[in-house]
Amino acid sequence: MVETLSIAVIGAPGVGKTSIIRQFIYNDFSEAYTPTRTRYVYRPSVILNGNMYELKILDVPPISSFPSSSSQEWLDLRCRGVRNANAYILVYDICCVESFEYVKMIRQQIVEHRESSSSEVPILVVGNKRDLQRQRFMPRRAVSVLVKKTWKCGYVECSAKFNWHVVLLFKELLGIAVARGMRQNHTSIRLQGALQRNRCTIM
């Protein structure tokens, strides 16, 4: 039986979350910025330690807050499926402190409003636009320590534009999911190339 893993990708406008997803699945990047206005679902497949997973990646438009209840989730089409996601990728722009504050707010609300134990929900914070390293608002180490030690979340920096660490961040998220009990075995994750459309990739 193939298990489905739902991943919600959330971030402020312009941080590049859609670009990250498209690089991961299609190895594609567009210089033109198109705001995400509606929720979009991608369904790639991966093989992890001999087990096949159908990924349901939710590209979530910017939301003012994480839905505090199931009724609120279903009233807003942008939020459908967000509360029950198996894992979260929270994306910010390393050059924009406001986008980091947004991630901080959403992460806190996930902890407060998730029905299940928040400590068991894998959350990966992703700093995008690493290619603009010289314009960052805070040193990488300082952010990493805050996210890992205080927030108890995973942390990865990437560049969607240059496809740098994009595959790594999904590998990292699945690693967190395995470590937190989505699978009892704690074997290593092996990655062979990025995902492509209509193709299953071994991880």
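**Close-up views of a predicted model**

**View 1. Ser159 sits in the loop that joins β7 (154-157) to α5 (166-182).** The coordinates are those of a predicted model. Ser159 has a relative accessible area of 3%, so Ser159 counts as buried, the limit being under 20%. Leaving aside residues up to four places away in sequence, Ser159 touches Asn128, Lys129, Arg130 and Asp131, together with Trp164 and Val166.

**View 2. Helix α4 (residues 140-150) has buried residues at Val143, Ser144 and Val147.** These residues lie on the same side of α4, because the arc they cover around the axis is only 100 degrees. Arg141, Lys149 and Thr150 are exposed on the other side of α4. After α4 comes Lys152, with a positive phi near 60 degrees.

**View 3. The largest pocket holds about 640 Å³ of space.** Its lining is made up of 31 residues. Nearest the centre of the largest pocket lie Gly16, Thr18, Ser19, Ala32 and Tyr33. Two elements, α1 (17-26) and β2 (40-42), each give two or more residues to the lining. The largest contribution to the lining is that of α1, with 4 residues. By residue class, the lining of the largest pocket comprises 12 nonpolar, 10 polar and 9 charged residues.

Terms used: Residues are numbered from 1 along each chain as its sequence is written. This is a predicted model: local features need pLDDT of at least 70, side-chain atom pairs count only at pLDDT 80 or more; totals for chains, interfaces and linings use all residues. Side-chain values use heavy atoms; hydrogens and water are left out. Buried means under 20% relative accessible area, exposed over 50%, partly exposed in between (1.4 Å probe, protein chains only). Contact means heavy atoms within 4.5 Å. The arc is that of the directions from the helix axis to the C-beta atoms. On a 1 Å grid over the protein atoms alone, a cavity is a set of points where a 1.4 Å probe fits but cannot get out, and a pocket is an open set with protein on both sides within 12 Å along at least five of seven lines; lining residues have an atom within 4 Å of a point. Grid points are joined across faces, edges and corners, and a volume is the space filled by probe spheres set on the points. Ala, Val, Leu, Ile, Met, Phe, Trp, Tyr, Cys and Pro count as nonpolar, Asp, Glu, Lys and Arg as charged, and the others, Gly among them, as polar.
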